[in-house]
Amino acid sequence: LLPPSTASTAAHALGLTATALLAGCARGMELSISGEQYDAVSSAMDNAERYYRLTAPGVLLRHSNGSTCTPARAFRTVAQVYLETRSDASLLAAALAFFDVVCLGALWYGTGNLAAPMAVALAVNWVDYAALHAALPHEPASQGPDRH
């Protein structure tokens with residue numbers, strides 16, 4: 001058996017890892033493409049040739065390198081890139097959520113004070129909130145009803 005301090009540390013690490021995995025999986029699933037979305041994009045990719053044959057017959061698209069392709073092929077390429085990008089983004093979000101929980105848990109365990117990771121988490125989220133708020137268009141505040 002392990003000494004009490006080592007067993008306690010191992011239990012904390014196991015709990016932290018399980019929590020981080022759960023948070024990572026939840027974030028990844030939240031941002032991943034749903035089955036309905038995948039079916040819709042897949043169906044559109046399958047029907048692209050017929051759609052563009054009816055709506056844009058004989059149209060060829062020219063690339064900057066001089067090559068040509070059909071609109072259906074261009075659409076299928078863009079749709080495939082969309083699916084791959086969503087997949088990559090959800091994997092990155094899952095990894096970041098896992099890393100975030102591990103770092104905050106390690107900070108809590110290291111300091112023995114829950115206020116430290118709470119302050120860090122609030123500071124990180126405040127930066128995101130401030131960036132979103134700054135990006136919003138601002139209208140001047142109304143000074144009350146106009147009196148003419």
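Which residue's side chain meets that of E30 in a salt bridge? It's R27, at 3.3 Å, N to O. By salt bridge I mean a side-chain nitrogen of Lys or Arg within 4 Å of a carboxyl oxygen of Asp or Glu.

Quick housekeeping before I go on. What you're looking at is a predicted model, so local features need pLDDT of at least 70 and side-chain atom pairs count only at pLDDT 80 or more, while totals for chains, interfaces and linings use all residues. Numbering runs from 1 along each chain as its sequence is written, and side-chain values use heavy atoms, with hydrogens and water left out.

Okay, back to that pair. E30 and R27 both sit in helix α1, residues 4-31, three residues apart, or about one turn of the helix. Helices here are DSSP runs (H or I, at least four residues), numbered from the N terminus. E30 counts as exposed at 56% relative accessibility, and R27 as partly exposed at 39%. The cut-offs: buried is under 20% relative accessible area, exposed is over 50%, partly exposed is in between, with a 1.4 Å probe and protein chains only.

The structure holds two salt bridges. The other one joins E49 and R76, at 3.7 Å, N to O. This pair links distant parts of the chain: E49 is in helix α2 and R76 in helix α3, 27 residues apart. E49 is partly exposed at 36%, and so is R76 at 29%.

Now α2 itself, residues 35-55. Its 21 residues should span 30 Å at 1.5 Å a residue, and the end C-alpha atoms are 28 Å apart, which agrees. That expected span is 1.5 Å times one less than the number of residues. There's also a kink of about 50 degrees, centred on N47; the bend is the angle between axes fitted to the seven residues ending at a residue and the seven starting there. The buried residues of α2 are V41, M45 and A48, and what covers them includes α3.

Over in α3 we find S90, buried at 8% relative accessibility. Leaving aside neighbours within four places in sequence, S90 is in contact (heavy atoms within 4.5 Å) with G28, L31 and S32.

Last stop, F99, also in α3, residues 71-111. F99 is exposed, at 53% relative accessible area.

Key
Helices (H or I, at least four residues) and strands (E, at least two) are DSSP runs, numbered from the N terminus.
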